[in-house]
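Please look at the structure shown here and read the report beside it.

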Amino acid sequence: MIFQMLAPIRCLALVVIMLTVTVEARAQSTAEAIAEVSPKVVKIFGAGGRKNLYGYGSGFLVSAEGHIVTVWSHILDGDTVTVVLHDGQRYEGRVLGAEPTLDLAVLKIDAEGLPHFDVTKPSPTVGPGARVLAFSNVFKVATGDEPVSVIHGVIAAQTTLSARRGVFDAPYSGPVYVVDAVTNNSGAAGGVLTTRSGQLLGMLGKELKNNTTHTWLNYVVPMSQLQTAITEIQTGKFAPRKTDDQEDMSPGAPRRYAPRDFGLVMLPDVVTRTPAYVDRVITGSPAAEAGVMTDDLILFVGEHLVSSARALRDELGQLEAGDRVKIVVRRGDQLITFEFTVPRKTME
Amino acid sequence: MKSLAAILGWLAFVPLLQAAPDARLEALEEQAFKEAAAVVAPSVVRIETVGGLDQITPGLAAGGTTTGLIVTKDGFVVSSAFHFAAKPTSILVTLADSRRFAARLIATDRQRMITLLKIDATGLPVPRVAPRDGFKVGQWTLALGRTFDTDSPSVSLGIVSAVNRVWGKAVQTDAKISPLNYGGPLVDVQGRVMGILAPLSPQSNGETAGVEWYDSGIGFAVPLGDTLAVLDRLKAGQDLLPGVFGVTFQERDSAGATPVLDRVRFASPAEKAGLKKGDRIVAADGRVVRFVAELRSILGRKYAGDEVAMTAKRGEQKLDVKLTLVDKIPPFEPAYLGILPQRRGEGAVARIVLPEGPAAQAGLKAKDTITAWNDEPVTSSAQLIERVSRQRPGESAAVTVQRDGQNEKLTVKLSGYPETVPDQVAADIASTDAPVPDAPKTGRITETLEGHDRQYWAYIPESYRKGQPAALMIFLHPGADSMEAAVLRAWKPECERRGIILVAPLCDKPAGWMPNDLEFVQDVVAKVREEYAVADSRIFVHSVGSAAPFATIYAFRNRAIVRGVALTGAVLRGQLPENDPDERLQFHLSGSLTDKQATAIKATADMVRKARYPLVYTTFSQVGEGYPPDATVEELARWADSLDRI
């Protein structure tokens with residue numbers, strides 16, 4: 001009985017899903033998508049080839065006249081590079097422009113009527129679980145007129161790559177797709193990630209290791225991050241971005257403030273991961289007024305986890321006078337949030 | 001005609017269908033993945049830790065972030081034990097809705113490497129559980145993690161590669177499993193949780209075992225149903241440990257090894273259940289067992305404290321036993337009565353009652369004959385040893401002795417072996433015996449061993465008599481220095497006084513003894529035992545300095561005959577095999593206080609003590625290198641002459 005009653009509902013659900021699908025994706029299978037995308041991806045050969053530096057990479061065509069987007073790397077160190085198209089045609093390519101903060105370079109070859117991606121169109125956004133295809137000349141497996149290698153997988157996550165505290169030694173920081181497939185290997189950087197129906201999602205990044213877990217991260221820079229710079233370089237209007245608004249958490253980051261400036265005396269930092277325990281709170285200080293107490297364990301400054309006393313000094317050091325700062329402490333099994341304004345520091 | 005039209009109609013339709021259903025199927029599947037992930041996502045939490053060790057193992061830093069899964073509405077969260085190996089100071093849980101809670105570590109399942117945490121929250125979303133018996137190889141799986149700073153969990157897609165892995169503990173998947181999603185759920189395409197992702201290894205235990213396989217296409221999840229089944233035990237704060245029953249098997253490691261018991265460890269569940277060497281396990285927990293691997297797989301799902309029914313076959317006889325698994329078999333520690341038995345003649349007669357020992361305190365006297373032990377008859381010293389060895393230090397025994405024709409009952413409270421050599425060990429030499437005409441060679445001799453073409457020297461005391469088996473000292477010299485003169489000078493008087501045969505195989509390599517010299521030493525000992533009457537209870541190996549590891553290996557390889565190990569200036573590393581009541585073995589360690597390695601020598605003594613072997617550890621001060629002073633040799637000889645103490 002129950003089953004019979006449910007049956008119509010299930011049918012309805014199926015119809016809804018199918019409708020969604022029709023709207024969402026073009027009726028193109030993976031096989032068709034690969035046939036369409038492959039010719040737009042090129043093999044690049046350049047400097048390197050000695051020691052541990054490989055001399056090959058990947059790129060993709062963004063105009064019929066031979067504009068090629070690739071990753072900014074040592075391969076481009078020479079005056080020119082060799083570009084091999086899907087049909088085996090070889091061209092000499094030169095660097096038209098580069099944006100190191102995006103790890104992006106645009107090359108030009110002299111050709112006409114080439115298949116290419118339209119980077120002026122907005123690129124779709126996909127979430128975890130979405131099926132994707134990665135195209136690149138990984139390990140230079142493709143030679144001559146062979147098409148580049150295709151790897152399938154799903155989007156594992158959308159996240160923000162940051163080189164904070166040396167977790168990643170990434171050349172690029174900003175939003176990325178993380179792919180659930182081993183897409184980022186030697187020579188893959190500069191290749192493309194597309195949806196399973198062939199829509200361009202982003203450019204494959206370099207090989208990157210998470211310094212904390214020692215695991216490799218397969219990341220892709222979304223087109224939305226690259227589109228403006230590509231178009232500007234293509235049209236010759238490009239001016240490199242100012243770097244002063246970048247996230248600056250490099251080892252040489254400023255330490256304008258110390259815990260003591262807020263009235264916090266921390267437990268001595270004896271091992272590399274000494275937790276940030278409050279040893280004493282100076283009477284009348286911002287921390288004392290906010291209610292921080294001895295033995296509180298400071299866990300967050302703003303949204304950033306403070307994993308050690310050292311990390312606390314890094315976080316506090318970044319603050320500017322007048323900032324509102326929120327800290328979260330653990331007292332027993334309670335998490336308590338305090339907010340206060342960063343005091344103006346008297347110059348010494 | 002009608003059918004032809006139908007066929008034509010089909011043909012016309014085929015090209016149209018070819019592309020479209022492919023794409024639609026792919027889209028439907030993709031939709032299903034996303035929905036499955038979305039259904040479980042609210043139960044997937046981010047776990048951050050502060051403090052703790054820097055590195056879990058060399059090269060593997062302790063990360064700050066991992067994933068967990070809510071399992072009860074009121075705040076119980078499970079995760080992989082991997083992350084907590086670094087023993088963090090503080091644990092924080094962030095829910096899918098960004099609320100943050102301080103968490104407490106409640107307990108760890110050390111069999112499956114799952115840790116239970118608790119946060120003070122209510123009304124939490126609990127995921128549906130996929131029943132383990134529905135798992136099928138080849139079905140889609142999604143591995144979810146929440147280590148990235150994102151709203152939705154990270155997704156890795158794969159299939160079930162195997163359903164019963166790592167001794168039945170886990171389901172295997174080819175989704176990418178790594179520190180990024182350890183502790184997160186493995187989800188089926190219906191959005192039900194199959195298991196908790198964790199590094200595991202069939203070869204080893206521990207938090208980090210199996211991490212080397214991260215992202216390799218070999219990943220494991222512990223079925224959530226298994227964890228929920230023991231959730232109440234974990235909630236009570238009880239760590240769950242792997243269970244053992246205390247046996248070794250005659251065949252090892254091969255895939256088809258049959259479960260025939262080799263050794264049944266003293267005081268183990270197997271021994272208590274009455275299992276014996278040679279028994280073959282044919283069923284466990286209601287399932288037929290043909291191979292060791294099958295038995296391991298059944299036990300892999302059990303914990304210490306769990307009861308297991310087993311059926312064993314002893315010849316044609318079938319035995320049904322019930323045993324309770326334990327986490328650790330206590331090391332065997334021999335009990336000490338404190339007598340030296342009479343070496344010749346019938347019955348268990350006390351030759352010497354050692355002062356201050358349990359026997360002396362109970363009022364036992366020299367020449368008493370022990371006739372019963374806990375009301376079981378005793379007819380020989382060997383039987384007495386067997387009875388005593390079945391008891392532990394601290395336990396009492398009712399002993400019946402015959403004294404001057406009268407029976408007397410005493411209660412003895414056994415102790416452990418004292419760490420000193422008994423002061424009064426009178427030599428047991430009947431020197432009045434007349435010389436025997438067919439006596440073999442005595443005194444200092446040098447021989448070449450046939451078959452090996454290698455030399456050994458020996459000293460046979462002039463007091464040697466065939467009817468009076470002698471003790472045997474196997475001396476192993478260090479490296480290039482045979483120490484022959486020094487050892488002979490020091491030992492000659494003791495050999496004469498106490499009836500000890502000294503045999504010293506010679507090492508032919510300046511670098512010292514190698515494992516392939518074992519056979520040579522074994523053959524030398526066999527030859528001496530063939531030519532002379534040697535007391536089985538007083539054979540010991542003695543080494544100086546760097547020969548200690550070889551001497552120890554020799555002793556453990558020949559436990560059936562070697563009863564004592566006397567090492568001077570020995571540095572041993574690693575772990576000694578556990579003590580065994582059936583093969584008595586005592587240690588004497590001595591070292592110079594001025595030895596550069598005095599600390600390491602002391603550590604070696606601690607290692608022997610930890611393995612619960614009877615041990616005497618003495619130091620001497622001596623200037624210069626060379627053989628220990630005479631006082632130490634005298635003590636060592638006394639120790640050797642009391643190796644048969646009970």
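## A bent helix in chain B

In this predicted model, helix α8(B) has a kink of about 40° at Trp491(B), shortly before the proline Pro493(B). The bend at a residue is the angle between two axes, one fitted to the seven residues ending there and one to the seven starting there. Helices are DSSP runs of H or I with at least four residues, strands are runs of E with at least two, and both are numbered from the N terminus. Helix α8 covers residues 484–498 of chain B, and its 15 residues at 1.5 Å a residue should span 21 Å, which agrees with the 20 Å between its end C-alpha atoms. The expected span is 1.5 Å times one less than the number of residues. After α8(B) comes Gly499(B), with a positive phi near 70°.

Which residues of α8(B) are buried? They are Val487(B), Ala490(B), Trp491(B), Glu494(B), Cys495(B) and Arg498(B). Buried means that 20 or more other C-beta atoms, placed from the backbone, lie within 10 Å of the residue's own; exposed means 12 or fewer, and partly exposed is in between. The buried residues of α8(B) pack against β28 (454–460), β29 (470–476), β30 (500–505) and α12 (630–641) of chain B.

## Confidence

Residues are numbered from 1 along each chain as its sequence is written, while chains are lettered from A and ligands numbered from 1 in the order in which they are written. In this predicted model, local features need pLDDT of at least 70 and side-chain atom pairs count only at 80 or more, while totals for chains, interfaces and linings use all residues.

The pLDDT is the predictor's confidence in each residue, from 0 to 100. Chain B has a mean pLDDT of 86, with 91% of its residues at 70 or more. Over residues 1–19 of chain B, pLDDT stays under 50, and the model has two contacts beyond four places in sequence for them. Two residues are in contact if their C-beta atoms, placed from the backbone, lie within 7 Å. Where pLDDT is low, predicted coordinates should not be read in detail. For the complex, the predictor gives an ipTM of 0.74 and a pTM of 0.70.

## The barrel of chain A

Chain A contains five helices and 20 strands. Six strands form a closed barrel with antiparallel pairing, in the order β7-β8-β9-β14-β11-β10. The twist from one strand to the next averages 45°. Strands pair if DSSP finds at least two bridges between them; β7(A) and β8(A) are joined by six bridges.

Conventions
Axes fitted to C-alpha atoms, helices over the stretch in contact; angles between N-to-C directions.
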